[in-house]
Amino acid sequence: MGGARSQVNKAHKTRFASKASRHSHKIDKARSGKPESSHRAAVKGARAARVQRSKAIRDQKRAALLKEKRSIVGSSSAPRVIVLCGLSSSAHVRPLAEDLLMFAAGGDEHLTSNTVASSTYKLRTTVLQAPYGDLTSCMELAKVADLLAFVVSANSLYVGDSSSPIDEFGSQCLSVFRAMGLPSTAVFIRDLPSDTKSRQELKKATVSFLSPELPEDTKFYAAETKDDLHKFMWLFKEQHLSSPHWRNQRPYVMSEEASIKPGDSIGLCTLIVSGYLRAHNLSVNQLVHVSGAGDFQLGEIDILKDPFPVSERKKIDAMDSDDNQIQIVDTFVPDPLNQEPLLVENISDPLAGEQTWPTEAEMEEAHENNKQRKLVKRLLPRGTSEYQAAWIVDDTDDEGNDSEDDNPDGAGMVIDEKDRSEYGSDGSDMDAVSHCREKFDEETIGGTEMGDDENLTNEQIQAEIKKIKESNAEDEEFPDEVETPLDVPAKKRFAKYRGLKSFRTSSWDPKESLPPEYAKIFAFDNFARTQKHVLAKTAELDRGSSKDCAQIGSYVMLHVKNVPTDVASKLCHPSRGLPVVVSGLLQHESKISVLHFSIKKHDSYEAPVKCKEHLTFNVGFRQFTARPLFSSDNINCNKHKMERFLHHGRFSIASVYAPITFPPAPLIVLKNRDGEQPAIAAVGSLKTVDPDQVILKKIVLTGYPQRVSKLKAIVRYMFHSPEDVRWFKPVELWTKHGRRGRIKETVGTHGMLTN
């Protein structure tokens, strides 16, 4: 059907058409001079172009999908990593791991490695066991898993048994894995009965119990007989595995073998790691990160002959060759001109802020300006710094003039009068704790840092813990409230603070009063644009055939140079039982900056998490210790209020000095405990890298109204001396119900005030 005789309906009603269009069918088309069906030809040409373009896009997608499938499942792909994790103490992982390895190897009982190649399934597989009870080791193995397989025992579901397929440690592992980003998951059900009916019922009950705790695409397998394992291997071969996005951005190598080669310097050595390259191509000029050791440069990359070939012919050739001799196919040596330097801190110029030598005209002009300034005398309180004096406004209103008459000494707190607005204008005192400064006031944090446990008795330790818990509860109920000390004048105690009219709209220069050490960290003009360019370079490295680049899926030997000998010995010790992971770093990821994480306190952690407490941060493949500064997440404001504790049920921002990492990157915060496994304190993710983010510390000084009239009130116990009352006169007062006022005068000689 169709073609030239297909029906063509009228485009519109006849009464709306012109006379020429109504009689066009009566005119000979040859005499009219118009080409026959020119409009139809144009339509057909456009349609053909669209069809051709759609076909080209389909072909490109099909080729990319075929290439990805061949790189994952083909003979040149890296082995698929299966990590077996028991969710309870009754789940025995070791027998299942041995059965999987023997079955994948074709019944070979003499296995010397966790990696086997099966010519039957045309697949290479690596099987690893997550040690039960060791949370840190389970986390490290889950980072490199292609398939995270949970092992449960069906005996725990029998009637009358009080145990559960998931115990406390299993639920803790699940919460950590979910926060890190789960790869493809599966569940192996063990200890099933031989009866077919009971077997199906028990498997169904296990699936219904575990399904709410796992992703929707989780597959459940019975793992008792050879037929069960045979079915799993065939399905596992064809399964499309997914992995976390943060891991797909970086090349990494999981070690099959690791050894140490003595270096030229004392205390340093070369760490040699052999394994399959995954995710991306790796250049010998790139920097690498060794998990548990740090960032290093590569001395050499050797491409070795595949030790686990899939085809039988390659296996016979490998057996005929000398087993003790390593066969190097190719070698890459770094180029000194193109190798990325191991740069951690910025080299600051101490004379960067210096000016050039002034001319004579500039010196005369400055001399005249100084003469004019001497004529105008400014009354400043004793102890006022140049920074505070710059904020004192010369032109004040009538109310300010009245206060100067009341205060002959001219003493008063610095207050920002600009950008007054209703939003956030609480008139409270603020202190700049910009850019995660090391120093901050211990008295406003609820106690000093706990000293050495060796120098404290048990009673003193219990008293410190009780004090921290009380401070946490008090901060949650009365945030930012601080009592004025009796022994120290308030104007001296709070000399660093500044009164802001509006927390949101008041201006604050993020570059002011920075310490000289702050010039050592790195900053970006546009962090998002930098990340886009860095990822584009990685994609270009994958597409090109560089001479200094190892291809994905190849078996490589990495020579990581200048590694501390004691650290390398711990990584290569046989008792460790974990593979060494070497991941390639993107550009700039070895440099130090200020990282801001969005974190939330973990539900299982009940102890208070105090600001600037020593915590262990796990960010992707990295692990480091830091003392974070907590602050609130203000979306519509460029200033963030510091928080003294990390409270339950809400997200906060944790700011730390750390190596630069490009998001997305998951965060697991651990708290080390003496003699116990580290506890999960918080989870979250990397938000941004910004050294210019301003964090302010806010305090609220409270008093108790003694006598209230229509327009005035007498407030007690806010201050304890008349000098403090006069110092805080410029600051606006407010009540919890929204009434606002100002300090007028002192009442008596003990710091009582009226407003």
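## Salt bridges

Counting every side-chain nitrogen of Lys or Arg within 4 Å of a carboxyl oxygen of Asp or Glu as a salt bridge, you get 15 of them here. This is a predicted model, where local features need pLDDT of at least 70, side-chain atom pairs count only at pLDDT 80 or more, and totals for chains, interfaces and linings use all residues. Residues are numbered from 1 along each chain as its sequence is written, and side-chain values use heavy atoms, with hydrogens and water left out.

Start with a local pair: lysine 143 bridges to glutamate 140, with 3.3 Å between the closest N and O atoms. Both sit in helix H5 (residues 135–143), three residues apart, or about one turn of the helix; helices here are DSSP runs of H or I with at least four residues, strands are E runs of at least two, and numbering goes from the N terminus. Lysine 143 and glutamate 140 are both buried, meaning under 20% relative accessible area, against over 50% for exposed and partly exposed in between (1.4 Å probe, protein chains only).

Aspartate 692 and lysine 511 make a salt bridge at 3.0 Å, N to O. Aspartate 692 is in the loop between strand S29 (679–689) and strand S30 (694–701), and lysine 511 in the loop between strand S16 (498–500) and helix H16 (527–543), so the pair ties together parts 181 residues apart in sequence. Aspartate 692 is partly exposed, at 29% relative accessible area.

Another bridge joins aspartate 633 and lysine 687 (2.7 Å, N to O). This one also links distant parts of the chain, 54 residues apart: aspartate 633 in the loop between strand S24 (629–631) and strand S25 (639–641), lysine 687 in strand S29. Both ends are partly exposed, aspartate 633 at 34% and lysine 687 at 41%.

## Nonpolar cores

A nonpolar core is a set of buried Ala, Val, Leu, Ile, Met, Phe, Trp, Tyr and Cys residues joined through side-chain atoms within 4.5 Å. The largest has 42 residues, and those with the most contacts inside it include Phe150, Phe177 and Ile668. Helix H6 (residues 168–180) gives the largest share, six residues.

Phenylalanine 177 touches Cys85, Cys138, Met139, Ala142, Leu148, Phe150 and Leu182, leaving aside neighbours within four places in sequence; contact means heavy atoms within 4.5 Å.

## Confidence

The pLDDT (the predictor's confidence in each residue, from 0 to 100) averages 79 over the protein, and 75% of the residues score at least 70. Residues 393–410 stay under 50, with twelve contacts beyond four places in sequence. Residues 417–454 are also below 50, yet this stretch has 127 contacts beyond near neighbours in the model.
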